[in-house]
Amino acid sequence: MRELERRSEAASHPFRGATSTRSLTASSAGQVGHAPLALIGKVGRHEEVVAACTGAQALGIHPGMAATHARALVSDLDFRPAEPEVDGALLDRLALLAVRRWSPIAAVSPPDGLWIDLSGCAHLHGGEERFCRRLLAFCRRAGFTARVAVADTAGAAHALARFGKEDLVRVEARATADALAPLPIAALRLAPTALAAARKFGFDRIADLLPVARGPLARRLGLPAITRLDQALGAIAEPITPRDDPEVPIAERRLLEPIGTAEAIEQVMADLLGDLAQVLQAKGLGARSLRLTGLRVDGSEQVVTVGTSRPTREVPHLLRLLKLRIERIDPGMGIEQFRLVAPHTEPLDAVDLGAVLAGETLVRDPSRLVDVIAGRIGVRSVFRLAPVESHVPERAVAHSDPNQMPGDWPSWQRPIRLFARPEPLSRVMALMPDQPPRRFEWRGRTYKVVAGDGPERVHGEWWRREAEVWAVRDYYRVEDDQGGRYWVFRRGDGFEDDTGDLSWWMHGVFG
Amino acid sequence: MYAVADSLPTTIAQLRAVATPAADFRVMPFGIAEIDDRLGAGGLRAGALHEAAALSASLVDDAAATLFLAGIAAREARAAGGPVLWASCRSDLYAPGLSQAGLTAANVIFARPQDDAALLAVIEDAVRDGTPSAIVGEVSRVSMVATRRLQLVAAEADMPVLLLRRPRARDQDPLAEPSAAWTRWRIGSAPSARLSVAGVGRARWSVGLARQRGGESFSLIVEGSDETGRLAVPAELGHRAAETVGTARYAVA
């Protein structure tokens, strides 16, 4: 029943091999711009046309025609040898792309199609209909002519993609039998002998097979044909074996007995990391992220992930990151299987240590520290503060990657604490236009200023906001009679009204 | 008679050696004789927890305490060549100001945990990691047990852990709580020297050592850290008794 719910899809290339097999971006066969093209392959002992582009088909060349015949018909036909292995490799790459981009369950359906299991994935791509259109558009861009069918079963999708009327066939759930009925028997992926038998008994379309009793049908066409029919109709499950992504390094441990204690899980983590480190070492990779999946005895999975800021395969470091996650694993009645995957890897080769060994640089690599802290409080909570080219104080600082070395700020006097919002000062006594205030009130206290530096004039950044075109702030560093040093500013330069309303603000404190 | 007089200095030296605890740890000298001589080991112990708190609840004293710790961290970073981890739950620290105290942008990694408990965990993780040259944390709620933990890991990793203690409530003295810190400082800002021209002179702080292991407490006025994190002693105050220095406000406090 679950199979019935499954939405499978077969996208095929009717002009298989007609596209250039070397590049995904080659223009599609049949498009204008080149001579008519036909591919010739050896079928049995004959050389036959195995594929022809639309231009060649318009000239009367069709697959299955003897190569010599085709040559005689069209003298300037562009003949090329068919390369089924290269086609297969290309199709495999497409399947890998489908696994990575569209659905975790996607497989090659040889010789010219792809299965993509859409159950549970379609909504991620905007629904089945939309996904199919995007898929067709993608194939068109990549230079393929594609046909897409979506159906409840893999067999039905396979049949409709190859024998359906439209380029895009979408069968509603549980309407499979109706959709299959008008298709020829050949759509059922039958063996040639079964096809010949069907023709002999007068079965032409699938509709002819449906009302016939299964027993006599099996005797005439053979049991495999019945299986194919049932697979297409959904009576027999036909699971798609997904193209696995072998690029992902993986380590797995099955345990003799389920474990549940933190110490035992830690031990398994260390063992798995040891295995994975060897895999990574052999491939010259370093892990940027790790996913540990524990299979509990009740069948559910416990998944924890860690990330690193630089590729690494250092076991103690990764183990420490994973150990931070142990408390998030709920062992329940026990975990009996662990799998450690590195979904994101990057090349990690030997590093030139010359400068470090020679003692010329003392800089330590902070990436391990960053990983440890990010593992505890989150990636966004670890950062460096890097300069931004802006004279407006609150804009001069931006968060940046903690592994990158930022530059430095110009050495204007700056406070150690800067208020996110400047706080208004009241009852300010100051000589206009460019003297620091003599006294001011702030937070209910009166401050008597004994010394001041300034002004440091900061102009508004007219390219950011309309309101800043004329804005000016005059910053003063003042010291009160108690020894407190403050950073205050006045809006406006004291001459032009456009530059500000001459209000005073407190923006920070110096030590 | 003569024999006694000859042997006396050696005896005194021996007695001193017995009386003072063996300083078999690395120290970070301030580079100022006035402070270093009064610290038990001739400087701050490197692998230890040090605490500083603002002299009063005002923001300027808090800023002075921040810069005081930043200066210590900057000198250690310059010597050890590792980054400084600055952990704080707040976001009002202004990095260009920190840069002028010697902690340039390339020298500091910031961590902003959610609360004090996470902050202490981050500090402990970082000390055990061993990459940073010094760690500065701004906290208000630290238990005695937490400070002892930090002191132990800091001693093990030989890495200074500097805590800026914030008061939990207004008018509450953060240094009144017990702590296992090696030294506890009370820092406030002090009036700078009046220049002959208009302007603000080099920042001065009132630095008070409230408690240290193996030494007496003291207080004096120093000039704030320069761009390498070094303090200085005001020239005209250098010869005076430190305890008598300070304005009326600090005499009361």
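This is a predicted model: local features need pLDDT of at least 70, side-chain atom pairs count only at pLDDT 80 or more; totals for chains, interfaces and linings use all residues.
Residues are numbered from 1 along each chain as its sequence is written, and chains are lettered from A and ligands numbered from 1 in the order in which they are written. Helices (H or I, at least four residues) and strands (E, at least two) are DSSP runs numbered from the N terminus.

**Helix packing in chain A**

- The axes of α6 (residues 154-163) and α11 (residues 223-233) of chain A come within 5 Å and cross at roughly 95°; axes are lines fitted to C-alpha atoms, for helices over the stretch in contact, and angles run from 0 to 180 degrees between N-to-C directions.
- Gly155(A), Ala156(A) and Ala159(A) of α6(A) make the contact with Arg228(A), Gln231(A) and Ala232(A) of α11(A), where contact requires C-beta atoms, placed from the backbone, to lie within 7 Å.
- By class, this contact has 3 nonpolar, 2 polar and 1 charged residues; Ala, Val, Leu, Ile, Met, Phe, Trp, Tyr, Cys and Pro count as nonpolar, Asp, Glu, Lys and Arg as charged, and the others, Gly among them, as polar.

- Leu340(A) lies in strand β12 (residues 335-347) of chain A.
- Leu340(A) is buried, with 25 other C-beta atoms within 10 Å; the class requires 20 or more such atoms, whereas 12 or fewer make a residue exposed and counts in between make it partly exposed, with C-beta atoms placed from the backbone.
- Beyond its neighbours within four places in sequence, Leu340(A) is in contact with Ile250(A), Ala251(A), Leu272(A), Leu273(A), Leu276(A), Leu290(A) and Leu292(A).
- Leu272(A) is 68 residues from Leu340(A) in sequence, yet their C-alpha atoms are 6.5 Å apart in space.

**The seven-stranded sheet of chain A**

- An open sheet of 7 strands has the order β15-β21-β20-β19-β18-β17-β16 in chain A, with antiparallel pairing; strands pair if DSSP finds at least two bridges between them.
- β15 (417-424) and β16 (426-430) of chain A are at the edges with a single partner strand each, so one side of each is left without a neighbour in the sheet.
- On average, neighbouring strands of this sheet are turned by 30° against each other, direction ignored.
- Strands β17 (residues 437-442) and β18 of chain A run antiparallel and are joined by 4 bridges, with Phe440(A) opposite Tyr447(A) in β18(A).
- The hairpin of β17(A) and β18(A) has 2 residues between the strands, and Arg443(A) takes a positive phi near 50° there.
- Between β18 (residues 445-459) and β19 (residues 472-480) of chain A, which are antiparallel, there are 8 bridges.
- Gly452(A) stands opposite Val478(A) in β19(A), and Asp453(A) stands opposite Arg477(A) in β19(A).
- Helix α3(B) packs on the sheet and touches β15, β20 (485-491) and β21 (504-510) of chain A, its direction making about 35° with that of β21(A).

**Interface between the chains**

- Contacts link 47 residues of chain B with 47 residues of chain A.
- On the side of chain B that touches chain A, two or more residues come from each of α3 (59-80), α4 (95-99), β5 (108-111), α5 (116-129) and β8 (183-190) of chain B.
- The residues of that side of chain B comprise 28 nonpolar, 13 polar and 6 charged.
- Strand β13 (residues 382-387) of chain A is joined to β5(B) by 2 bridges, and the two run antiparallel; Phe383(A) stands opposite Phe110(B) in β5(B).

**Chain B and its helix pair**

- Chain B has 7 helices and 10 strands, and 48% of its 253 residues count as buried.
- Of the contacts in chain B between residues at least 6 apart in sequence, 67% join residues at least 24 apart.
- α5(B) and α6 (residues 144-157) of chain B pack at an angle of about 15°, their axes being 9 Å apart, and are therefore roughly parallel to each other.
- By class, the contact of α5(B) with α6(B) has 8 nonpolar, no polar and 3 charged residues.

Conventions. Two residues are in contact if their C-beta atoms, placed from the backbone, lie within 7 Å. Angles under 35 degrees count as roughly parallel, over 145 as roughly antiparallel, 65 to 115 as roughly perpendicular and the rest as oblique.
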